[in-house]
Amino acid sequence: MQDKFYNIDCVEGAKKYLLDNSIDLIITDPPYGIDGDKLHKHYNRKEDFVIDGYVEIPKEEYAEFSLKWIKEAERVLKPGGSIYIVSGYTNLVDILNALRQTNLQEINHIIWKYNFGVYTANKYISSHYHILYYYKPGKKRTFNTYALHSDYEKDENGGSLNYRDREDVWIINREYKPGRVKNKNELPTKLLAKMILYSSNENDVVCDFFLGSFSTAKVAIGLNRNSCGFEINPTAFNIQMEELKQTVKGELLSKYINTKTNILINKGQHLDELTKTEILVLYEKLKSYGFNKKDAIAKISENFGRGFWSISKILSETNNPQIENTSGKLFD
Ligand SMILES: C[S@@+](CC[C@H](N)C(=O)[O-])C[C@H]1O[C@@H](n2cnc3c(N)ncnc32)[C@H](O)[C@@H]1O
């Protein structure tokens with residue numbers, strides 16, 4: 001599929017241009033149904049470079065509008081395809097109600113914490129968005145568990161980076177792009193790359209129903225995906241179609257693709273008795289070298305390409321009195 005973008009209402013555009021079951025991934029950030037001027041204040045920024053003509057949805061039409069476009073999104077998604085909807089809290093209930101009127105299934109309700117929340121003196125400062133991650137049942141969903149971090153990459157405290165990256169609270173700063181034209185609420189590249197890399201593969205089709213500054217499209221193309229979508233505002237559409245020409249297919253891949261080998265190559269594989277014995281022997285050996293239990297298990301896990309818990313379970317299943325049951329207490 002060629003990258004295709006349309007300056008049209010997304011519901012009309014989807015009906016006209018998108019076939020049933022044709023899209024692998026939708027990432028979209030609909031208008032929030034809040035007053036335009038307040039929106040400017042909300043993002044606390046200089047307005048000179050913000051593109052005119054951002055189209056809002058009146059509050060009283062928000063529920064009906066949400067249901068219409070979400071039904072279309074459901075229709076065009078392939079079975080197994082995923083959808084991420086970014087939403088503020090003001091009209092979140094309408095989006096959730098609409099999703100409940102489809103067969104889309106919830107996977108995660110993610111909180112995206114950003115910087116530049118608007119200062120408020122007498123209440124807490126609003127600095128998060130909701131990201132609703134759903135999928136269309138019928139086929140296996142794409143989820144690239146090791147898209148960004150392999151099992152053994154550690155954070156500054158020795159914790160797993162893979163685990164941390166897959167927690168459902170994401171702390172990702174907005175981008176500061178002084179002197180560049182932009183749409184209100186332009187999503188950061190890092191946020192978009194994360195969703196695209198975990199939930200799609202190269203050459204898949206990634207669609208955005210509300211393109212704004214075409215940020216989803218730019219990152220999708222940069223990650224060698226195909227992209228399509230809709231933007232109703234002609235000013236934004238024309239400016240961004242021009243800007244898009246500077247995006248090179250696959251240019252972001254080297255920046256984001258995890259090149260470290262995933263060590264758990266035998267994860268989930270059957271373990272025969274001989275291998276179990278080898279694991280026990282190695283454990284005893286490492287202990288005799290002065291390894292504590294946690295480090296010994298980590299070393300065995302690395303050697304045998306299996307997870308920490310799997311090794312720890314094998315050790316706890318033996319009757320070796322020196323190997324205490326690890327299920328309750330894992331670390332020395
Ligand atoms: C929150 S912004 C999207 C921002 C975008 N994610 C970005 O990073 O720049 C929502 C966009 O949807 C557009 N829009 C509003 N109603 C629309 C509709 N019915 N169909 C298509 N686009 C629409 C608005 O003009 C606005 O550009």
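User: How do the residues of the shell around the ligand divide into nonpolar, polar and charged?
Analyst: This is a predicted model. In it, the shell around the ligand has nine nonpolar residues, six polar and four charged.

User: Which residues are the closest to the ligand?
Analyst: Asp29, Phe210, Gly212, Ser213 and Ser215 are the closest. In total, 19 residues surround the ligand.

User: On to the sheet. How many strands form it, and in what order?
Analyst: Eight strands form the sheet. The order is S1-S8-S7-S2-S3-S5-S4-S6. The sheet is open, and its pairing is mixed.

User: Which are the edge strands?
Analyst: Strand S1 (4-6) and strand S6 (169-171) are the edge strands. Each of them pairs on one side only.

User: What does the twist average from one strand to the next?
Analyst: The twist averages 20 degrees from one strand to the next.

User: Let's look at S5. In what sense do S4 and S5 pair, parallel or antiparallel?
Analyst: Antiparallel, over eight bridges. S4 covers residues 105-113 and S5 covers residues 128-135.

User: Which residue of S5 stands opposite lysine 113?
Analyst: Histidine 128 stands opposite lysine 113.

User: And what is the bridge partner of glutamate 106 in S5?
Analyst: Tyrosine 134 of S5 is the bridge partner of glutamate 106.

User: What about S3 and S5: how many bridges there?
Analyst: Strand S3 (residues 77-87) pairs with S5 over six bridges. The sense is antiparallel. Serine 82 has tyrosine 135 of S5 as its bridge partner.

User: Now helices. Which strands does H7 lie across?
Analyst: Helix H7 (residues 215-222) lies across S1, strand S2 (23-28), strand S7 (205-208) and strand S8 (226-230). H7 runs at about 170 degrees to S8.

User: At what angle do H6 and H7 cross?
Analyst: Roughly 60 degrees. The axes of H7 and helix H6 (residues 189-199) come within 9 Å.

User: Which residues make the contact of H6 and H7?
Analyst: H6 brings Thr189, Leu192, Ala193 and Ile196. H7 brings Ser215, Thr216, Val219 and Ala220. By class, the contact of H6 with H7 has five nonpolar residues, three polar and no charged. Ser215 is also one of the closest residues to the ligand.

User: Next pair, H1 and H3. How roughly do their axes cross?
Analyst: At roughly 25 degrees, with the axes coming within 9 Å. H1 is residues 10-17 and H3 is residues 62-76. The angle is under 35 degrees, so H1 is roughly parallel to H3.

User: Left-handed or right-handed?
Analyst: H1 passes H3 in a left-handed crossing.

User: Which residues make that contact of H1 and H3?
Analyst: From H1, Cys10, Val11, Ala14 and Lys15. From H3, Lys68, Trp69, Glu72 and Val76. The contact of H1 with H3 divides into five nonpolar, no polar and three charged residues.

User: Last pair. How do H10 and H11 cross?
Analyst: Helix H10 (residues 273-288) and helix H11 (residues 293-304) cross at roughly 140 degrees. Their axes come within 10 Å. H10 and H11 are therefore oblique to each other. H10 passes H11 in a right-handed crossing.

User: Which residues make the contact there, between H10 and H11?
Analyst: Ile279, Leu282, Tyr283, Leu286 and Lys287 come from H10. Ala296, Lys299, Ile300, Asn303 and Phe304 come from H11. By class, the contact of H10 with H11 has seven nonpolar residues, one polar and two charged.

Conventions. Residues numbered from 1 in each chain as written. Predicted model: local features only at pLDDT ≥ 70, side-chain atom pairs only at ≥ 80, totals over all residues. Near = placed C-beta within 6 Å. Nonpolar A, V, L, I, M, F, W, Y, C, P; charged D, E, K, R; others polar. Pairing = 2+ DSSP bridges. Helix = DSSP H or I, 4+ residues; strand = E, 2+ residues; numbered from the N terminus. Axes fitted to C-alpha atoms, helices over the stretch in contact; angles between N-to-C directions. Contact = placed C-beta atoms within 7 Å. Parallel < 35°, antiparallel > 145°, perpendicular 65-115°, else oblique. Left-handed = near helix turned anticlockwise from the far one by under 90°.
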